[in-house]
Amino acid sequence: PYIFTQCQAIHARSLLPCQDCPSVKFGYEARVSVPDWATCVMSALSKDAPSKNAPPPPTTSSNDSDDNNTTTTTFHFHQPTPIPSYLFALAVGQLSSMDISPRCRVWSEPSMVSAVAYEFAQVEQFLEVAEELTLEYQWGRYDILCLPPSFPYGGMENPCLTFVTPTLLAGD
C-alpha cells in the first residue's frame, strides 16, 4: 500500500480546508499517524530534527494504539515558510531512506533506495552551485521521494521533498 498527494493545480481543497490559489500562502504543522510498518514524509521539516540543516530522523515521534490494537506511529512536521496550497505534499508507504549529504536524503520503496541514491548522488553539488549563483537554499532540506511507476508526472518540486518518477533512474 502506498499513498501520495498531488495538489497541483487546485486539488489541495480535497485534502484540507484552504483557499486553494497560489496567491494565498500558509505555514503549517502536521501530526500524521500511520501503521507501524509505514513511514510518512511531507513537504515540511521533521519537528524532531535537532536543527534546520540536520537530517530528520527516520524514526517515530510517538506511538499510539487504535481501537483495533494495531500499533501506529505518529510523525510530526512543520513548514515555517509560507507556501501556496498546491505545494502541500504527503506520502505514506513502506519507505526506506539513504542520506546523500547532510541536508539531502532520498526515499523510496526498499528495493529501489540504492538505485535512487546512486542516480541522485550529485544533488548536494547542484544545490551548492545554485547557491553560489543565487541565494542560500531557503527550505533547509532537499529530499527526493522516488514514487512507484503509477505516479503520473515526471516530478513535482514540493518544498523540502521533491516527488520524482522512477523513469528518471537511468543507472548510468
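User: Where does T74 sit, in which strand?
Analyst: Quick heads-up: this is a predicted model, with local features needing pLDDT of at least 70, side-chain atom pairs counting only at pLDDT 80 or more, and totals for chains, interfaces and linings using all residues. Numbering runs from 1 along each chain as its sequence is written, and side-chain values use heavy atoms, leaving out hydrogens and water. Strands here are DSSP runs (E, at least two residues), numbered from the N terminus. On that basis, T74 falls in strand 6, residues 71-84.

User: Is T74 buried or exposed?
Analyst: Buried means under 20% relative accessible area, exposed over 50%, partly exposed in between (1.4 Å probe, protein chains only). T74 has a relative accessible area of 7%, so T74 is buried.

User: Which side chain makes a polar contact with the side chain of T74?
Analyst: A polar contact is a pair of N or O atoms within 3.5 Å; within protein, one must be able to donate a hydrogen and the other to accept it, and residues adjacent in sequence count only if both atoms are side-chain atoms. For T74 the contact spans 2.8 Å, and the partner is S33.

User: What kind of aromatic pair do Y137 and Y142 make?
Analyst: Rings of Phe, Tyr and Trp (its six-membered ring) pair if their centres lie within 6.5 Å; planes under 30 degrees apart are stacked, over 60 edge-to-face, the rest tilted. The structure holds four aromatic pairs. In the Y137 and Y142 pair, the centres are 6.0 Å apart and the planes sit at 75°, so call it edge-to-face.

Methods:
Helices (H or I, at least four residues) and strands (E, at least two) are DSSP runs, numbered from the N terminus.
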